[in-house]
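The sequence and the structure come first, and the text then takes up selected parts.

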Amino acid sequence: MAKQPGGDAVLRGTVGKPKEQGNPRERRAVVDLHLHTTESDGRLTPQQLVELVARQGLRVVAITDHDTTEGLGPAWEAAHAYPHLTVLPGIELSTDIPGNEVHILGYFIDHQDPGLQAMLEQFRDSRVGRAKEMVRRLGSLGIAVEWQRVQEIAGHRAIGRPHIAQAMVEKGYISRPQEAFEKYLGRNGLAYAERRKQTPEEAVQLVVQVGGVPVLAHPAHLNDLDRVIGELQAAGLQGMEVYYAEYPPETIQRLEKTARRRGLVPCGGSDYHAFGTPGEALPGEMGPPLEVVDRLRSLRRLESGVGITRPLAPPGPSP
Ligand SMILES: [Zn+2]
Ligand SMILES: [Zn+2]
């Protein structure tokens, strides 16, 4: 039985206190709209991720891999086993503004749109060029990482810095991938290389073009947030992340106010990658209330397509 969401008081207030005080690993939300898989830089396959979020008792999740939608099919397939779980189509697009990186999430995109897939392929190509350049720069610093090995580590996934970092660990140049980012591959790192990216406005427009709902990801680090929001709203922005796992309560409150003032849907999630780093938030440790999913759903342009969404199941016991 499926209940129409939104009209039920039980569905509200899902971001509450943890059931047990003092246990920060407790699931706090039933919605998590920011999750990565092995199709980009996550460590769990789409199947493993779906199993995990189902175990965590989540009800609505979105797969938001970087510049790829390849994880969606396998995730939907795996989700058949969990009737209480809805998996929304999503993506996270990397873009640049001077001096800063801006990520745009897109929900309810038509992932089968050929134009979208062509654009994503272009981004991935520029990612390859950039990764190669960083391997070259490492070489000139005396760090001999083989390009072929980096490709092997990446497999069929979008190649990127985590794969270079892993190759460096294998060769014993560093002991943890984190170190590679701190010293070499991070924005101010010795081997860092830029790639040609789209602007945030272009990313927002791309999401709109394929019927999706564009949302500004983890915006707290942006200087001049109001100006950025204004420009992106002119391009079609509909939401921004507020309930983001890394953010302390003060930041969440500030962003809640901004979202309300600007008429943006307050989204969020864990940005889970399964990196296994200490303190990494698990899926569901943070997320927006369930009614946010309805607001997003009402904003999408395509009614059809994207064999995604059965109606939300009523709250039930965690599997
Ligand atoms: Zn991001
Ligand atoms: Zn992310």
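The model is a predicted one. Helix H2 itself covers residues 72-79, and its buried residues are Leu72, Ala75, Ala78 and Ala79. Viewed down the axis of H2, these residues fall within an arc of 130°, so they line one face of the helix.

The chain as a whole gives the setting. Its secondary structure comes to 10 helices and seven strands. The chain has 319 residues, of which 45% count as buried. Among the contacts in the chain with a separation of 6 or more, 71% are accounted for by residues 24 or more positions apart.

Two residues call for a remark on the backbone. Asp67 is not a glycine, yet its phi is positive, at about 55°. This residue is found in the loop between E2 and H2. Ala274 is likewise not a glycine and has a positive phi of about 60°. Its place is the loop between strand E7 (265-269) and helix H10 (291-299).

Are these two residues buried or exposed? The cut-off for a buried residue is 20 or more other C-beta atoms within 10 Å of its own. Asp67 has 22 C-beta neighbours inside 10 Å and therefore counts as buried. Ala274 has 20 such neighbours inside 10 Å, so Ala274 also counts as buried. The table sets out the values for both.

| Residue | Phi | C-beta neighbours inside 10 Å |
|---|---|---|
| Asp67 | about 55° | 22 neighbours |
| Ala274 | about 60° | 20 neighbours |

A further part of the chain concerns a pair of helices. Helix H5 spans residues 161-170 and helix H6 spans residues 177-185; their axes come within 8 Å and cross at roughly 110°. On the side of H5, the contact is made by Arg161, Pro162, Ile164, Ala165, Gln166, Met168 and Val169. On the side of H6, Pro177, Ala180, Phe181 and Leu185 take part. What kinds of residue make up the contact of H5 with H6? They divide into nine nonpolar residues, one polar and one charged.

Conventions
Residues are numbered from 1 along each chain as its sequence is written. Chains are lettered from A and ligands numbered from 1 in the order in which they are written. This is a predicted model: local features need pLDDT of at least 70, side-chain atom pairs count only at pLDDT 80 or more; totals for chains, interfaces and linings use all residues. A residue is buried if 20 or more other C-beta atoms lie within 10 Å of its own, exposed if 12 or fewer, and partly exposed in between; C-beta atoms are placed from the backbone. Helices (H or I, at least four residues) and strands (E, at least two) are DSSP runs, numbered from the N terminus. The arc is that of the directions from the helix axis to the C-beta atoms. Axes are lines fitted to C-alpha atoms, for helices over the stretch in contact, and angles run from 0 to 180 degrees between N-to-C directions. Two residues are in contact if their C-beta atoms, placed from the backbone, lie within 7 Å. Ala, Val, Leu, Ile, Met, Phe, Trp, Tyr, Cys and Pro count as nonpolar, Asp, Glu, Lys and Arg as charged, and the others, Gly among them, as polar.
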